[in-house]
Amino acid sequence: MIQPVILCGGYGTRLWPLSRPNRPKAFLKLLGERTLFQKALDRVADPAHFAQPIVVAGRDHANLIAEQAVLHSLILEPEARDTAPAIALAAARLSPESVMLVCPSDHYIADREAFLRGVASAETLAAEGLLVCFGVNPDRAETGYGYIELGDSLGHGNRIARFVEKPDANTARSYVARGDFVWNAGIFVLRAGDYLSELEKQRPEMARWVRLAVDGGHEDRGTFHPAVQEFCAIEGESVDYAVMENTQRAAVVSADMGWTDVGNWDALRTARTADGKRNVVSAGNAELIDCRGVMIESDGPRVSAVGLRDVTIVVDGDEVLVVAHGSASNVAKLRGIKGE
């Protein structure tokens, strides 16, 4: 049985104003009638292959989780400390031999069967003691994703030659042309004991504080609360930086599963179905005349657009966002997001 671990985090800045700190994108119905969080749970719902998921989240999102899912295992972090400690919390409460499938709660995967095939391949490598991440073959020179250079073949996957942070456009084009780079999807398959031993090796202080936080924590009706003082003493860091980029046991499995991290409005527009003029009207009342590549998202007010090209318009409550395609990564810089 594979143990799914669903990570809930984020502050809702890149898909503002629809996504906000009190309702991050994971809990929104962005692609269909179920939220991204619910879709993440749906992908691991087969009891023949998966154990009951463990969800790791912040206390601020506990109510949203309760509204959208019936869970028996929830870990609530007193403060956000990034993905490396979050994964360690779950690993420390499992047997060392447990194979963990670690998934973000706010990514979209169109092809569930391809995802499951990737999990099966990754499980084989994880059983050999490797720490496996999912890679996605790039179909464009995307500058918003991290990349992984493929190393030696392992049969079901590859060794990881190196991780590369978000590249500039020219570098991204060279990666796509070479054919030996994949996008880093941020999904991991690894045994609990292997992860903890590697964390102890690479980040001994983090591992120590996680263990103390678990030992001093308490469980209340299916929800585990780590010891506050000990957990907050952890210096937060992502699993990529803390473990994967340093370990000699890193591997990658390529899975072409229609993946996107729905990281900004451009990514969401790409994931949605457009009409013949590349326009997307996903919610609300809208009229478009002589428009191409326009996406409209409104929670009620009518939006009319004439003669626009490659623009996204979002209306949510008393906030309106107009952003040109290609500039969506700058939305998080807006002062209005933080009430400034």
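Two strands are taken to pair if DSSP finds at least two bridges between them. In this predicted model, β8 and strand β12 (residues 250-254) meet that criterion with two bridges, in the antiparallel sense. Within this pairing, Asn158 has Val252 of β12 as its bridge partner.

Strand β8 (residues 158-164) is also paired with strand β7 (residues 147-153), again in the antiparallel sense, here over five bridges. The strands β7 and β8 form a hairpin with four residues between them. In that hairpin, Gly155 adopts a positive phi near 85°. In a regular strand, side chains alternate between the two faces of the sheet.

Turning to the helices, α3 (residues 83-92) packs with α6 (residues 192-202). The angle between the two is about 130°, and their axes lie 9 Å apart. Because angles of 65 to 115 degrees count as roughly perpendicular and those over 145 as roughly antiparallel, α3 is therefore classed as oblique to α6. The crossing in which α3 passes α6 is left-handed. On the α3 side, the contact is made by Ala84, Ile87, Ala88, Ala91 and Ala92. Helix α6 contributes Ala192, Tyr195, Leu196 and Leu199. By class, nine residues in the contact of α3 with α6 are nonpolar, and none is polar or charged.

Terms used. Residues numbered from 1 in each chain as written. Predicted model: local features only at pLDDT ≥ 70, side-chain atom pairs only at ≥ 80, totals over all residues. Heavy atoms only, no water. Axes fitted to C-alpha atoms, helices over the stretch in contact; angles between N-to-C directions. Parallel < 35°, antiparallel > 145°, perpendicular 65-115°, else oblique. Left-handed = near helix turned anticlockwise from the far one by under 90°. Contact = heavy atoms within 4.5 Å. Nonpolar A, V, L, I, M, F, W, Y, C, P; charged D, E, K, R; others polar.
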